[in-house]
Amino acid sequence: MKRLALIVAMIVLMLGAPKPAEAQNRYIVRTTGGLSSVLNLCLSAGCQVQGSLDGPVGQTYLVTSSGNLIANLLNGIVNLLQSLLGIQSVEPDHLLPLPRLTRSNIPSGLYDTAPVNYYGAVVWHGYAAQPATQIIRLQDAQNGFRIGGSGIVAVIDTGVDINHPVLSPVLLPGYDFTRNQPGASEWLDAPQLQAHPGLTK
């Protein structure tokens, strides 16, 4: 018991009086060496690992430091960290300002609600005129193949929302090759949405 009291007293003396809390700078660390490499980084550079940002992948971590971690790293140990620990990058974790939203920088699909006929379904004009369709030159492909809105097209994909108002009237059941079963609904891969159907409304 005396030994435990002595150890506690020594720790208190070593730590001294409580220090005022210092501002913590946040950093994002990318590594190929996993958690152990980030722990070793923090041991040498004076930072604390707060947690993983990519779950079980274990290559991106949030760390905090009361000092300037970037300056500490630039003082001659960057190459050592990269070669020995697998640290790929360390960057400050900053909030980025969002641009002011105006009609000129908001996709028309979010506000152009004029109803139009889209291959037998009524959709917003903004949906039918999405920028992505221009990027992939959808209209050129439809004209080149003389697509008139009829026929069967097979799409190898991860699945679709079988309840989507544009797709549901024209979808055939499909086949799920990942599960080797009939049906190809993306809802099979979203159990949290199945459990909470209100999230999709």
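1. R137 is exposed, with a relative accessible area of 53%; here buried means under 20% relative accessible area, exposed over 50%, and partly exposed in between (1.4 Å probe, protein chains only). R137 lies in the loop between α6 and α7, where helices (H or I, at least four residues) and strands (E, at least two) are DSSP runs numbered from the N terminus. Although R137 is not a glycine, its phi is positive, at about 55°. Most residues other than glycine have a negative phi.

2. The model is predicted: local features need pLDDT of at least 70, side-chain atom pairs count only at pLDDT 80 or more, and totals for chains, interfaces and linings use all residues. Residues are numbered from 1 along each chain as its sequence is written, and side-chain values use heavy atoms, with hydrogens and water left out.

3. N180 also deserves a check of its backbone. N180 has a positive phi of about 55° and is not a glycine. Its place is the loop between β7 and β8 (181-182), and its relative accessible area of 57% makes N180 exposed.

4. Three salt bridges are found in a search of the whole structure, a salt bridge being a side-chain nitrogen of Lys or Arg within 4 Å of a carboxyl oxygen of Asp or Glu. One of them pairs R137 with D140, with the closest N and O atoms 2.9 Å apart. D140 is partly exposed at 42% relative accessibility.

5. A further salt bridge joins the side chains of D93 and R26 (2.9 Å, N to O). This pair links distant parts of the chain, since D93 is in the loop between β4 and β5 (115-118) and R26 is in strand β1, 67 residues apart. Both ends have intermediate accessibility: D93 is partly exposed at 26%, and R26 is partly exposed at 43%.

6. R179 forms a salt bridge with D176, the closest N and O atoms being 2.9 Å apart. How does accessibility divide this pair, buried or partly exposed? R179 counts as partly exposed at 32% relative accessibility, whereas D176 counts as buried at 9%.

7. Six of its six residues are buried, so β3 is largely enclosed by the rest of the structure. T60, L62 and T64 point one way, Y61, V63 and S65 point the other way, and all are buried. In a regular strand the side chains alternate between the two faces of the sheet.

8. Strand β1 (residues 25-31) runs antiparallel to β3 and is joined to it by six bridges, with I28 opposite L62 and R30 opposite T60. Strand β2 (residues 48-52) also pairs with β3 in the antiparallel sense, over four bridges, and G51 stands opposite L62.

9. Strand β1 is also joined to β4 (residues 87-92), in antiparallel fashion, by five bridges. Within that pairing, V29 stands opposite V90.

10. One disulfide is counted, taking a disulfide as a pair of cysteine sulfur atoms within 2.5 Å. The disulfide joins C42 to C47, with an S to S distance of 2.1 Å. The torsion about the S-S bond is about -95°, so the disulfide is left-handed. Both C42 and C47 are buried.

11. T133, in helix α6 (residues 131-135), is buried with a relative accessible area of 19%. Leaving aside residues up to four places away in sequence, T133 touches A128 and L138, where contact means heavy atoms within 4.5 Å.

12. At the surface, Y119, F145 and I147 form a nonpolar patch with about 360 Å² of accessible area together. Patches are made of residues with over 30% relative accessible area and no salt bridge, like charges being joined within 9 Å and nonpolar side chains (Val, Leu, Ile, Met, Phe, Trp, Tyr) within 5 Å. I147, in the loop between α7 (138-144) and β7 (175-176), is partly exposed with a relative accessible area of 44%.

13. For the protein overall, there are eight helices and eight strands. Buried residues make up 18% of the 201 residues. The accessible surface comes to about 15,500 Å², of which 62% belongs to carbon and sulfur atoms; areas come from the Shrake-Rupley method with a 1.4 Å probe, and for residues only the protein chains shown count as cover.

Conventions: Two strands pair if DSSP finds at least two bridges between them.
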